[in-house]
Amino acid sequence: MIPREFDYEAPTSLQETLQLIASGERKLLAGGMSLIPMMKLRLATPDSLVDLGRVPGLNHIVESSGTLQIGATATHHDIETFPLIRGRCPLLAEAASHIGDVQVRNRGTIGGSIAHADPAADYPAALLALEAQIRLVSASSDRIVPAVEFFLDAFTTALEPGEIVVEVLVPAEPGAEGYSYEKAPHPASGFAIVGVAARIQRSGGKISLARIGVTGLGARAFRAMEAERLLESGSSLDQAVATVGEGEDANSDLYASAEYRKHLARVRAKRALEVALRRAS
Ligand SMILES: Cc1cc2nc3c(=O)[nH]c(=O)nc-3n(C[C@H](O)[C@H](O)[C@H](O)COP(=O)(O)OP(=O)(O)OC[C@H]3O[C@@H](n4cnc5c(N)ncnc54)[C@H](O)[C@@H]3O)c2cc1C
């Protein structure tokens, strides 16, 4: 339960941070909510921690041309409570409110959470449903990756060595959209056994857009695209949710078998869609 000895570096600019993590066995430290427990268990043994806490310009939350730009070190609490996010992207605020407890939400950051890519984390479902993008920067590159291409596997993302998440880009809600995040929390850890984020737009009494992100079911969060397609082509909720998790390799553990997780994902997807539909009308 005691981490291996490590150095600690606290850069004061993004440039300095990028230079540091370009070399050596270094790890970025954001809220430390996932990294420090991993170091205590010696699942991570970095030579040095590079603290993002003193790097300016990484915790912004602003709107520009209909897109919310959320800095990597914005905390879960910031995202849950910031009026711009509550007003213009309430699905993300709702997902943030489900994360851990007050202490975890005060320390943990969106950049740390998505870089860690825990299969049971809450943000990935919401970011997939929101069709968010993630900006990744290294000493020699600056690129934007759609969320659907970012979460690759358990604890595995599109981040390349030397890259850091600098911000998450989320389209601001157009106004008449319905949304919901429904989570079945693990009774001990509070992480999602499954979590489903739904986003709905209606037009002329029909569903014109449906987006569904699912977390916790398998190794990585995913979009339930067949269910989205069925909803957009006039199928019933029951027909659509019956396809959620089809073809996915579901996790199975002491708390939930693969079969039960799939059942739970469909039940939560239906609830999330019902709430989103109500809110969209
Ligand atoms: C008791 C407890 C309960 C929790 N419950 C939940 C829950 O219900 N739902 C949920 O989603 N999460 C939960 N979490 C996890 C929490 O959300 C963490 O905050 C999050 O996973 C990691 O964020 P962090 O800022 O603490 O990152 P850190 O722990 O500092 O870092 C995590 C990893 O990301 C890397 N990293 C950090 N920032 C960046 C960056 N900007 N760019 C690239 N790499 C980076 C680090 O090097 C490290 O590998 C819980 C954690 C605890 C301790």
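View 1. β2 and strand β3 (residues 48-51) run parallel and are joined by four bridges; two strands count as paired if DSSP finds at least two bridges between them. Between these strands the chain passes through helix α2 (residues 35-40), and the β-α-β crossover is right-handed, that is, clockwise from the first strand over the helix to the second when the strands point away from the viewer. β3 is also joined by three bridges to strand β1 (residues 7-9), again in parallel. In that pair, Glu9 has Val50 as its bridge partner. Helices (H or I, at least four residues) and strands (E, at least two) are DSSP runs, numbered from the N terminus. The model is predicted: local features need pLDDT of at least 70 and side-chain atom pairs pLDDT 80 or more, whereas totals for chains, interfaces and linings use all residues. Residue numbers start from 1 along each chain as its sequence is written.

**View 2. Domain 1 (7-52) against domain 2 (61-171).** The assignment, automatic or from a database, also gives domain 3 (179-280). The centres of domain 1 and domain 2, taken over C-alpha atoms, are 19 Å apart. Twelve residues of domain 1 contact 15 residues of domain 2, a contact being two C-beta atoms, placed from the backbone, within 7 Å. On the domain 1 side, helix α1 (residues 14-21) gives the most, with four residues. This side holds seven nonpolar, five polar and no charged residues. Nonpolar covers Ala, Val, Leu, Ile, Met, Phe, Trp, Tyr, Cys and Pro, charged covers Asp, Glu, Lys and Arg, and polar covers the others, including Gly.

**View 3. The shell around the ligand.** The ligand is surrounded by 31 residues, the closest being Gly31, Gly100, Gly108, Gly111 and Gly112; a residue is near if its C-beta atom, placed from the backbone, lies within 6 Å. Two or more residues each come from β2, α6 (102-107), α7 (110-116) and β10 (164-171). α7 gives the most, with five. The shell divides into 15 nonpolar, twelve polar and four charged residues.

**View 4. The open antiparallel sheet β11-β12-β13-β14.** β11 (177-185) and β14 (222-223) are the edge strands with a single partner each, so one side of each has no neighbour in the sheet. Nine antiparallel bridges pair β11 with strand β12 (residues 192-203); Gln201 in β12 is the bridge partner of Glu177. Helix α12 (residues 258-280) packs on the sheet, touching β11, β12 and β13, at about 35° to β12. Helix α10 (residues 225-232) lies across β13 (206-215) and β14, at about 165° to β13. Angles run from 0 to 180 degrees between N-to-C directions, with axes fitted to C-alpha atoms, for helices over the stretch in contact.
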